[in-house]
Amino acid sequence: MKKLLSFLIALTLFAAIIPAKYLSAYANPDKEYKTSSIYLTETGSGQVLFAKNENERRTIASMTKIMLLNLCFEAVERGELDLNEEITVSKNASGMGGSQVFLEENGKYKVENLIKSIIIASANDASVAMAERLFGSESECVSAMNSKCAEWKLENTLFSNCTGLPKPTQYSSAKDVAVIIGNLIRHKDYFKYSKIWTDEIEHKAGRKTGLTNTNKLIRFYDGCDGGKTGYTLDSGFCLAATAKRGALRLIAVAINSPDSKTRFAEVSSLFNYGFDNFTSKNVVDCTKPLNLEVKVDKGKKGTLKIIPDTDVYIFSERNKKENVTIDFRPEKVVAPVEKGEKVGELIVYRDNVEYKRVDVKAFESISKKTYFEYVKNIGEKW
């Protein structure tokens, strides 16, 4: 039996690599926040960087639509909804008040334009139209939204409608909202619309409605590429936003700010704190073959070039040093080998504790050696 090969790569990083179990919520001592509930987290590790009243149950206004958007994109990815599909808008949907894009009763609109209207303009009429398309009614959509809360173990969230318009018995928390938007940004199509500053949708007879993104940070904060605002008298001014610089992506949530300016300023402050003090280091790069080869039995070539299947990033504080070790464990490889075939795995350790496992795959194909090639090789050795 082939002996197990392993190697250890010691990496000295210019940033601290700290096990999550040793990290507590970091506080920013230089800032007193006026917003009632706030939460800052890093998406890769889930590490909490700052929190204030993060589990308090509060109304969240139009941030409710973040959950609705999750259901929309899940349906797209399952093949149950097409972005080019046309939906006929009901009287119920077209008559919604509050933020709206003035959809016409019995008018036909593409799914893409309705989703875009929700993301950019927080349109209540588009939200109800999508809820009715997906589930037949807004009430059934709300049931699905609450089922998703149970699936994600959101103990401080309950929805009563899909828009966030004032209604008794609905609430969420800053921490739960961070989880909901964290799931939303996993849907690649979301960012096609979340970064749009201004746009428009067209109604029949050529009438148009302009759209301006309610999340001003996508224009005025470097790295912000998504988010959702909300406001009612009960909720105050709310904002859930995400920003990315380099490999580090953050999510910040603010609920019940005293005014619109404060919610944007304090979320920007949270982002500044995160990007100034933390980083995400790439310790396994899936774009580059490893400086290793795997032995191949019965192949036309005796060794095989290999490459990791995915990147590995480790969240850390800046300006500290820590060691990471990587253990490579190859499998027994017998030709023929197809490019992309799994041939082993990397195990990444942080502070001698296993952090992540990554499949290692063949970077090339190797054919099986023929009988005549065996004979030829024997002859050459004589």
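Predicted model: local features only at pLDDT ≥ 70, side-chain atom pairs only at ≥ 80, totals over all residues.
1. Geometry of H5. Helix H5 runs over residues 138-151, and its 14 residues should span 20 Å at 1.5 Å a residue. The C-alpha atoms at its ends are 20 Å apart, in agreement with that expectation. After H5 comes Lys153, which has a positive phi, near 60°.

2. The buried face of H5. The buried residues in this helix are Glu138, Cys141, Val142, Ala144, Met145, Lys148 and Cys149. Viewed down the axis of H5, they fall within an arc of 160°, so they line one face of the helix. An α-helix has 3.6 residues a turn, so residues three or four places apart point the same way. The cover over the buried residues of H5 includes helix H1 (65-77) and helix H4 (124-135). Note that Glu138 and Lys148 are among the buried residues.

3. The largest nonpolar core. This core has 63 residues, of which Met63, Leu103, Ile115, Met130 and Val253 touch the most other members. At least two residues each come from H1, helix H3 (111-121), H4, H5, helix H6 (174-184), helix H7 (190-194), strand S9 (236-245) and strand S10 (248-257). The element that gives the most is H1, with 9 residues.

4. Leaving aside residues up to four places away in sequence, Ile115 touches Leu69, Cys72, Phe73, Leu83 and Tyr193.

5. Aromatic pairs. The model has 9 aromatic pairs. In one of them, the ring centres of Phe73 and Tyr190 lie 6.4 Å apart with the planes at 85°; planes over 60 degrees apart count as edge-to-face, so this pair is classed that way. Phe73 belongs to helix H1 and Tyr190 to helix H7, 117 residues apart, and the pair thus links distant parts of the chain. Both Phe73 and Tyr190 are buried. For Tyr273 and Phe278 the centres are 5.9 Å apart and the planes at 80°, so this pair is edge-to-face as well. Tyr273 and Phe278 are also buried. Through ring pairs, Phe73, Tyr190 and Phe191 form a cluster.

6. Cysteines. Searching the whole structure gives 0 disulfides. Cys149, with a relative accessible area of 3%, is buried, whereas Cys286, at 25%, is partly exposed.

Notes
Residues numbered from 1 in each chain as written. Heavy atoms only, no water. Helix = DSSP H or I, 4+ residues; strand = E, 2+ residues; numbered from the N terminus. Expected span 1.5 Å × (residues − 1). Buried < 20%, exposed > 50% of the residue type's maximum accessible area, 1.4 Å probe, protein only. Arc of directions from axis to C-beta. Contact = heavy atoms within 4.5 Å. Disulfide = S-S within 2.5 Å. Core = buried A, V, L, I, M, F, W, Y, C linked by side-chain atoms within 4.5 Å. Phe/Tyr/Trp six-rings, centres within 6.5 Å; stacked < 30°, edge-to-face > 60°.
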